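Colleague: I am new to this structure and would like to learn how to read its features one after another. Could you take me through a few of them slowly?

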Amino acid sequence: MSDSFKNIVAHSKEYGYIFQSSEIYDGLSATYDYGPMGVLLKNNIRDFWWKSMVQLHDNISGIDAAIFMHPKTWQASGHVDAFNDPLIDNKDSKKRYRADVLVEEHIEKIKGKIAKEVKKAAKRFGDDFDEAKFLAEHPRAQRYQKEIEEISAELARCMNDNDLEGLGKLIEDLGIPDPVSGSRNWTEVRQFNLMFSTQLGTVAGKEAKLYLRPETAQGIFVNFLNVANTTRARIPFGIAQTGKAFRNEIIARQFIFRMREFEQMEMQYFVRPGDEMKWYKYWREFRMKWHRALGTPAENLRFHEHESLAHYANAAVDIEFEFPFGFKELEGIHSRTDYDLGRHQEFSGKKLQYFDHELNESYVPYVVETSIGLDRMFLALLTQAYQEDEVPDAGGKASKRLVLKLHPALAPIKCAVLPLVKNKEELTEKATEIFNDLRFAFDCQYDEKDTIGRRYRRQDAIGTPYCITVDFETLEDNQVTIRERDSLEQHRIPISEVESVVRKRTSMTNLLRSLNAK
Ligand code: ATP
C-alpha cells in the first residue's frame, strides 16, 4: 500500500467511515463495517444510483430479491461449474495468488516501462513531442507493446480454454516472482470455486446445500416473468436491484476494493434480439455520464473493452477508475444475449418469453446489464475526495488541512451548526434552535467543543459542505455566517434562508437533472 493510500485508510477509521470487521478479535480478513459517516455516504451513493436508474427511467422498476435462492439457480447460471478462479501457491512463502492476476500485474509493469519512456521523451522534446508518433516509431516502446500483446493473447487463450497447465507455464516462462518473497517456486495452477455454501434444514444428514449469492443478477432473471406480468412492461424494459453478494475471493486486498461480502447495484435491461447493440451503447454512455456527473475528472475514468468475451456475451466493457493502485474495474456493462433467461428456461422447465405485440411473436429477450460494486464506488469517491491543502488559520498564517471534497449531494452531513463560543448560553441556545429546525431537512451536526477553527477542520475532514456559525451579531440581526468547504468563502445570510441555501446546493435533484435521462 502506498503512503497516500494508507493515509486514506487511517482517515476512514479515524472519522467513522470504515472499520475492520470484528476488530476487537483482530479482524476478519476482507470484511469491513461502515461507521456512522460511512453508512450515510453509502446510503447516498445507493440512493443516487437507484434514482438515476429507476426513478429517471419510466421503463425500469426495482426489486429486492432474497440472498438465498433455489440451488438449481446456480447450476443454471453456470456458477456451480464455472465460477472459478485459477489459484497458484508459492511453495516458499506459502502465499496464495490468482494466477491470472499475477500475469495481469506483470503486464501492468511493462505498461509502466512504456509510460516511463514516454515521460522521458516528452521531457526531451518539450512542446514538439508527439506521443502517438513516438509510440509508433520508438523501437523499445514497440518491443514492450508487442510483448504485452503476446502475453495478453496467451492469457486470454488459457482463460478461455480453461488451460491451467498453460497458465502455469506462462507464469514460469515469464519468470514472474512472488510479489512478497521474490521466490519463483510455484505449485501447479488449480481451479477454486468462489461461492460460499451453507445448509438449509433442521434434520441432521438431510440438509440441502445452499449458496450465498455471488451476484444479485440471478434474482432479477428468475423474477423476469413476475415483473413483466405485474408491471405490464413493454420491451425494452429493465429491472434494478441493489444488495449483498458474497465471494470467497482468493486474494482479498486493497481495503474495500475486493471483499468477501460486498454490495452490488445491478440492472438488467431486456431488449428485442437484434436491438442489443443500440442499448449496449446507450448504457455505456449513460453510465459514464453518471460517473462524470459526480465530478470525477475524465482522466480518472476510462473504458476497458474486453478482449476475450465469455461465450454467451457479444460485447462487454468495464468502466475503470484510477485507484491509488492503478486503473481497475469499477463497473461492468455486458451484452449477454439470451443466455441467462435461456438457461433458466431450460433448468426450470418454465417458459421465460415475452410476447412482442409489434412483431406479433414470442421470444426470449436479450439482456444488456450494468453492474457496479457499491463498495468500490465508495472507495473511488473517497480516494478522489481525500485531499490535503493549505488554508489560512485564525492568525492568517497558512496551515494544513485534511478535507474530503465529496460531491455535496453525497456528503454524509450537509451542514454543521456551530455557536462561535461555547460558554455563552445565548449563542448555544440560538444555535440549538437553528439546528433543531434544520435536522428536519438534512443530516446536520451541532458542535460546540473546541475552538471554531478546530471545529471547521473536523467538518472538513468528514466532508461537510457547509458550516453555519452563530455569533453575537446573530442575536441582533438574525443572520449567520455560512462557510463553504472548498472555496472557504464566507457570507452572512438570514437564518430564514439557511435551509433553502443549503438545500439548493446539496440536493440530489440538480445532480439527477444533469443526467438528462429519459
Ligand atoms: P473482478 O475482475 O475485479 O474480480 P468481476 O469482473 O468478477 O470483478 P463482476 O462479476 O462483473 O466483477 O461484478 C460486478 C461489479 O461488482 C464489479 O465491477 C465490482 O465493482 C464489484 N465487485 C465484484 N467483486 C467484488 C469484490 N470481491 N469486492 C467488492 N466489489 C466487487
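Modeller: Let us begin with pairing, where two strands count as paired if DSSP finds at least two bridges between them, and where helices (H or I, at least four residues) and strands (E, at least two) are DSSP runs, numbered from the N terminus. This is a predicted model, in which local features need pLDDT of at least 70, side-chain atom pairs count only at pLDDT 80 or more, and totals for chains, interfaces and linings use all residues. Residues are numbered from 1 along each chain as its sequence is written, and side-chain values use heavy atoms, with hydrogens and water left out.

Colleague: Which residue of strand 6 is the bridge partner of Leu 87?

Modeller: Strands of a sheet pair through backbone hydrogen bonds, either parallel or antiparallel. Here the partner of Leu 87 is Arg 190, and four bridges join strand 4 (residues 84–89) to strand 6, the two running antiparallel.

Colleague: What is the order of the strands in the open sheet of three?

Modeller: The order is 5-4-6, with antiparallel pairing. Strand 5 (96–98) and strand 6 (190–193) stand at the edges with a single partner strand each, so one side of each is left without a neighbour in the sheet. Helix 5 packs on this sheet and touches strand 4 and strand 5, where contact means heavy atoms within 4.5 Å.

Colleague: At what angle do helix 2 and helix 13 pack?

Modeller: Axes are lines fitted to C-alpha atoms, for helices over the stretch in contact, and angles run from 0 to 180 degrees between N-to-C directions. Helix 2 (residues 36–55) and helix 13 (residues 374–385) pack at about 110 degrees, with their axes 10 Å apart. The two helices are therefore roughly perpendicular to each other, a label given to angles of 65 to 115 degrees. Among the residues making the contact are Leu 41 and Ile 45 of helix 2, and Met 377 and Phe 378 of helix 13.

Colleague: Which peptide bond is cis?

Modeller: The bond joining Ile 235 and Pro 236 is cis, with omega about 5 degrees, and Pro 236 is found in the loop between helix 10 (224–231) and strand 9 (237–246).

Colleague: What can be said about the phi of Ala 30?

Modeller: Phi of Ala 30 is near 60 degrees, a positive value in a residue other than glycine, and Ala 30 lies in the loop between strand 1 (18–20) and strand 2 (32–34).

Terms used
Parallel < 35°, antiparallel > 145°, perpendicular 65-115°, else oblique.
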